[in-house]
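Colleague: Before I look at this protein for myself, could you take me through the terms used for it and the grounds for each of them?

Modeller: Gladly; here it is, and we can go through the terms one after another.

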Amino acid sequence: MFIQTETTPNDDSLKFIPGVAVMGEGTAEFLDTRSALASPLAIRLMGVDGVTGVFYGPDFVTVSKDSEVTWAVMKPEIYSLLMEYFSSGQPLFRSEEDRENAGPQDTRILDTDSETVAMIKELLETRVRPAIMEDGGDIEYRGFDESTGLVSVKLKGSCRGCSSSTVTLKSGIERMMMHYIPEVKGVEQILDQDEEVALEEFNKLEQRLAGETAKKDSE
């Protein structure tokens, strides 16, 4: 078995392609050992020093790491685990119930959904999700506020905490949504607490660097 890797827009996430189906359909994300218990492979990957998240796509596995640890140190062990697991033919999940619970339920159109919400879900599922998966990530629908026209989404996999994800959200997803669905006035990203902290630190760093550049230019 030959496992390929692809970089993603997030330097701390790497896409591993084993050449065989992973989820086949749908996605699953594991951000701690408790959630990873549903999948024997995920729990082993989470045990690698420096790994902070595991994401399964249809035919790839995205592994995210702590920025303090280098890929050069981690990749050999990740390769070994993936190769051993996919060569063995073991199931990805402990049970079919675990598999169903791990996958996204967000874009399933419900009888209670309005026509606008149904259109948003369909667009996310058919146009947005496949494009984001190319970069080793996924998107999750979190809601639509009919009074403001705002669609709430959550970025996952390599897109989680990525500095370029805001650009993707605004220039790509928001523009597409507003073009096809007039009721949509904007798209906002829902952040976890740790992501908010990371984004705040990133913005502080950018401001500091900009200040240092301006200071040098004035000297």
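Colleague: How much of the protein counts as buried?

Modeller: Of the 219 residues of the protein, 42% count as buried, and please keep in mind throughout that this is a predicted model. The accessible surface comes to about 12200 Å², with 50% of that belonging to carbon and sulfur atoms. As for the secondary structure, the protein has seven helices and eight strands. Among contacts with a separation of 6 or more, residues 24 or more positions apart account for 60%.

Colleague: What makes strand 2 largely enclosed by the rest of the structure?

Modeller: Strand 2 covers residues 13–17, and five of the five residues are buried, so the strand is largely enclosed by the rest of the structure. Both of its faces are covered, with Ser13, Lys15 and Ile17 buried on one side and Leu14 and Phe16 buried on the other.

Colleague: How do you know that strand 1 and strand 2 pair, and in which sense do they run?

Modeller: Two strands are taken to pair if there are at least two bridges between them, and four bridges join strand 1 (residues 4–7) to strand 2, the two running antiparallel. Threonine 5 has phenylalanine 16 in strand 2 as its bridge partner, and glutamate 6 stands opposite lysine 15.

Colleague: Which bridge partner does serine 13 have in strand 5?

Modeller: The partner of serine 13 in strand 5 is serine 64. Strand 5 (residues 61–65) pairs with strand 2 in the antiparallel sense over four bridges, and with at least two bridges required for pairing, these strands count as a pair.

Colleague: What makes strand 1 and strand 3 the edge strands of the sheet?

Modeller: The sheet is an open one of five strands in the order 1-2-5-4-3, with antiparallel pairing. Strand 1 and strand 3 are its edge strands, as each pairs on one side only. Neighbouring strands of this sheet are turned by 20° against each other on average, direction ignored.

Colleague: Which strands does helix 3 lie across?

Modeller: Helix 3, made of residues 71–88, lies across strand 1, strand 2, strand 4 (51–56) and strand 5, and it runs at about 30° to strand 2.

Colleague: Why is the contact between aspartate 12 and lysine 65 called a salt bridge?

Modeller: The term needs a side-chain nitrogen of Lys or Arg within 4 Å of a carboxyl oxygen of Asp or Glu, and the closest N and O atoms of aspartate 12 and lysine 65 are 2.9 Å apart, so the pair qualifies. This pair links distant parts of the chain, with aspartate 12 in the loop between strand 1 and strand 2 and lysine 65 in strand 5, 53 residues apart. Aspartate 12 has a relative accessible area of 22% and is therefore partly exposed, whereas lysine 65, at 9%, counts as buried, the cut-off for buried being under 20%.

Colleague: How many salt bridges does a search of the whole structure find?

Modeller: The search finds five salt bridges. One of them joins arginine 44 to glutamate 84, the closest N and O atoms being 3.4 Å apart. That pair links distant parts of the chain, from arginine 44 in helix 2 (residues 40–46) to glutamate 84 in helix 3, 40 residues apart. Arginine 44 counts as partly exposed at 35% relative accessibility, and glutamate 84 counts as partly exposed at 44%. Aspartate 113 also forms a salt bridge, with lysine 121, and there the closest N and O atoms are 2.7 Å apart; both aspartate 113 and lysine 121 are buried.

Colleague: Why does valine 20 count as partly exposed?

Modeller: Its relative accessibility is 34%, and partly exposed is the class between under 20% for buried and over 50% for exposed, so valine 20 counts as partly exposed. Valine 20 sits in the loop between strand 2 and strand 3 (28–30). Together with Met1 and Met83, Val20 makes a nonpolar surface patch of about 230 Å².

Colleague: And why is threonine 116 called buried?

Modeller: Threonine 116 has 13% relative accessibility, and the cut-off for buried is under 20%, so the residue counts as buried. Threonine 116 lies in helix 5 (residues 115–133), and, not counting residues up to four places away in sequence, it touches Phe144, Ile181 and Glu183.

Methods. Residues are numbered from 1 along each chain as its sequence is written. This is a predicted model: local features need pLDDT of at least 70, side-chain atom pairs count only at pLDDT 80 or more; totals for chains, interfaces and linings use all residues. Side-chain values use heavy atoms; hydrogens and water are left out. Buried means under 20% relative accessible area, exposed over 50%, partly exposed in between (1.4 Å probe, protein chains only). Patches are made of residues with over 30% relative accessible area and no salt bridge: like charges are joined within 9 Å, nonpolar side chains (Val, Leu, Ile, Met, Phe, Trp, Tyr) within 5 Å. Accessible areas come from the Shrake-Rupley method with a 1.4 Å probe; for residues, only the protein chains shown count as cover. Axes are lines fitted to C-alpha atoms, for helices over the stretch in contact, and angles run from 0 to 180 degrees between N-to-C directions. Contact means heavy atoms within 4.5 Å.
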